[in-house]
Amino acid sequence: MSLVQEDYKTKIAKLTAQSQVIIFLGLIIAVAIFSYLSPYFFSVRNFMNIIRQMSMIAIVAFGMTFVIIAGEIDLSVGSIIGITGMVAAISMKNGLNPIIVIGGALVLGALIGLLNGLMVVKVKITAFLATLVTMSVLRGLSLASTPGSAPVTISSSLFVEITTANIGLIPIVLIYLITILSILHFVLNKTVFGRHIYATGGGANAAALAGVNIQFIKTMVFVISGLLASFSGLVLAGRLSAGVPDSGTGWELDAIAAAVLGGTKFSGGQGSVIGTLGGALIMGVVSNGLTLLGMTYAYQLIIKGLIIALAVILDIWVRRTEV
Amino acid sequence: MGENGAGKTTLMKILAGVYRPEKGTIYLNGQKVQINSRKRAQELGIAMIFQELSVLPNLDIAGNLFLAREKKKGILLDNKQMEDEARSILEYLGLKLNPKTIVENLSVGERQLVEIARAITSNAKIIVMDEPTSALTQDEQEKLFGVIDKLKKQGTAIIYVSHRMDEIFRIADRITILRDGKKVNTVLTRDVNKKEIISMMIGEKEVVDELSKRKQHSKKFGEPLLEVEKLTGKKINNVSFKVRSGEILGLAGLLGSGRTEILRAICGLDNNISGNIKVDGKKYNIKSLQDALRLGIILVPEDRRNEGIIPGMSVMANLSLTALANIFPNGIIKFKTEHHIASKNIQELNIQPCDPYKLVGKLSGGNQQKVVIGRCLNHNPKILLLDEPTQGIDIGAKAELHALFRTLAEKGMAIIIVSSELPELVSIADNVLVLYEGQVRAFLSGADIEEKKILYYATGGFESESGARGL
């Protein structure tokens, strides 16, 4: 048998074994179907619309991907989105400089992540419960931060501009998305820190005995997740031109779904931000396409659930046939 | 009987319906049977006591005994009857345990006995025991042997897997010896002696050249690299020893004698210890694994699957894991360098298959262990701590690893090896420290290292006049 041929075969096997490839194939199929079914779907304008909608979820889902690869889970991201929007809106209403507000909100997100991380690592609360606590408390704080839980308008045009401007046809959030994606992809694949994240999720005991500081790694993934959630919260507040107390509700589940759709192994140790981007895109495309076809939100939820089930089953199947 | 990897456990698991045979037939009471599930095995009256415990720690003893065979009153559990029956079985076994005790609170040995009680509860006609005494104390072992005698008299057939010679001669009527997955012979116990069995187990291959090789080098030790003085902790009591450059020190002792704890203490994994640890003649306070790594001390852990490898990562990523931060001080990984190191390791350690991208979880045990050792060696350690480094590894890989350890020592490394396999210690260690209940019982050196002597001290024997010299 020729060596080259075998090499070629294993490469194909490796390629198809990566859920990322499957998810992007799925994406192409979804785009093709919706383009056929709806005349409004296949246009630059609609695509930019999809990107505006999915970017925020994608950014949160990137953070979630880090957390899940490290073998943990972060339920608080939706509430972090809510609280950063409220803090930003209220402090700008009180005359604070928008730039300082943005910086402050990002620090706040990171600090909440740090709190999550310390609860998990030092107090040894299961991540699910620890972040359930912050999720609940932060949502409560957002709702209590304004009389009658009413939205707080943002009048700073600078803030709105920074978060929602368009450069030509391209929404600025797409540039944020690509920048963040590139940095995170680099961190995961090319740095010692990234490798240690995989090791921590792949086998915490073994990683610790190999000299990986798993406590630091676990804390840091929560910090990154909190930071990215607050970033997303700022963009959402800008789009709404207001701090809305219940914004981001349920996003933690969308973020988890995007990560899992993108091939992140739920038990940790495997995954990629590119895959997660694919997962977020597929969810964005499907919900946009179904809306254009006039399907109600209720049915969209059902279809979303079925897609996740399909992806998970496919994933199990692929892993089983993996050489 | 048979060496590690001879196929004992696999054969037993086929009988118990855990694995399915590829070929061959099983006859039970002269009738051909197919055992294709554990349930089927149970129905046929075959019960197996596994090497790894399979009792549920969260249930009480009675709950475990009647697991999946619960007594019922209508649709409700009949706890009273189960408790009563459990109590009478425990009494029968001579165990002073309350059936309502939660299994979590029992010692490992007691759990093993509960497991045996479970086999009896199921009215098994054939009980398969796979190294049941590996976790038992002397006292508990005697209890178990008593139970086995009782069962024998009742007409229960027992298949007893072990590589402890004394046990076999104590309880077995017939002995079947396996080697490399094949049956070598079946003999009546009264017709053979231990030596004959050993030669059947290991075949006629000679261990002598390994031994002579060691003797040639035995006097060439350098300066002490690691000195441990009055180490005391949870399971360790006043242990002192030193390991010199070029020396392989064996730590012998029964399970729970504190061997692993000593290694963990040296690595900074145990914080509640007192005593001094000197590396290269200087005293250090090793508080964490990171401290130990900085001093060039590294541990190859006992539990390979959970503590050694990261199964979902590639061979390459596993090999570089510990050294990663040192190789790439700016934090950015260069794949070329990493790939180069992995290829070198794969070649030098003869890791099969030679694919750096293969997931470690898909390798055989021996190759996984080579990956763990390769990872440790990439850190350039001065002191290598090996905890059961050849457990569950086939004979070929074992020989390769032994040769490797020898070479490493010759290059100046100080090596401590913990092993439950006495022949391994005899063939590879320059000196052996025998532990009993956390204390040093004996220090054996050179020609004094014999299985008999190690076993004598490890089971609590005292030093005699003609025994070993102390440290």
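This note sets out several points on a two-chain structure, which is a predicted model.

1. Conventions. Residues are numbered from 1 along each chain as its sequence is written, and chains are lettered from A and ligands numbered from 1 in the order in which they are written. In this predicted model, local features need pLDDT of at least 70 and side-chain atom pairs count only at pLDDT 80 or more, whereas totals for chains, interfaces and linings use all residues.

2. Contact between the chains. Chain A brings 18 residues into contact with 23 residues of chain B (contact: C-beta atoms, placed from the backbone, within 7 Å). On the side of chain A that touches chain B, α9 (192-202) and α10 (204-209) each supply at least two residues. The largest share, six residues, comes from α9(A). Helices and strands here are DSSP runs numbered from the N terminus (helices: H or I, at least four residues; strands: E, at least two).

3. The residues of chain A that touch chain B comprise nine nonpolar, seven polar and two charged. Ala, Val, Leu, Ile, Met, Phe, Trp, Tyr, Cys and Pro count as nonpolar, Asp, Glu, Lys and Arg as charged, and the others, Gly among them, as polar.

4. A helix pair in chain A. The axes of α3 (residues 44-69) and α13 (residues 273-292) of chain A come within 8 Å and cross at roughly 145°. Axes are lines fitted to C-alpha atoms, for helices over the stretch in contact, and angles run from 0 to 180 degrees between N-to-C directions. Residues in this contact include Ile57(A) and Phe62(A) of α3(A), and Leu277(A) and Met283(A) of α13(A). By class, the contact has twelve nonpolar, seven polar and no charged residues.

5. In the model, residues 50-68 of chain A are 100% helix and 0% strand, with end C-alpha atoms 25 Å apart. Residues 75-92 of chain A are 89% helix and 0% strand, with end C-alpha atoms 28 Å apart.

6. A sheet in chain B. Six strands form an open sheet in the order β15-β16-β17-β12-β18-β19, with mixed pairing (strands pair if DSSP finds at least two bridges between them). The edge strands of chain B are β15 (297-300) and β19 (439-445), each pairing on one side only. The twist averages 20° from one strand to the next. Within the sheet, β16 (residues 383-387) and β17 (residues 414-418) of chain B pair in the parallel sense over five bridges, and Ile383(B) stands opposite Ala414(B) in β17(B).

Definitions and conventions:
Two residues are in contact if their C-beta atoms, placed from the backbone, lie within 7 Å.
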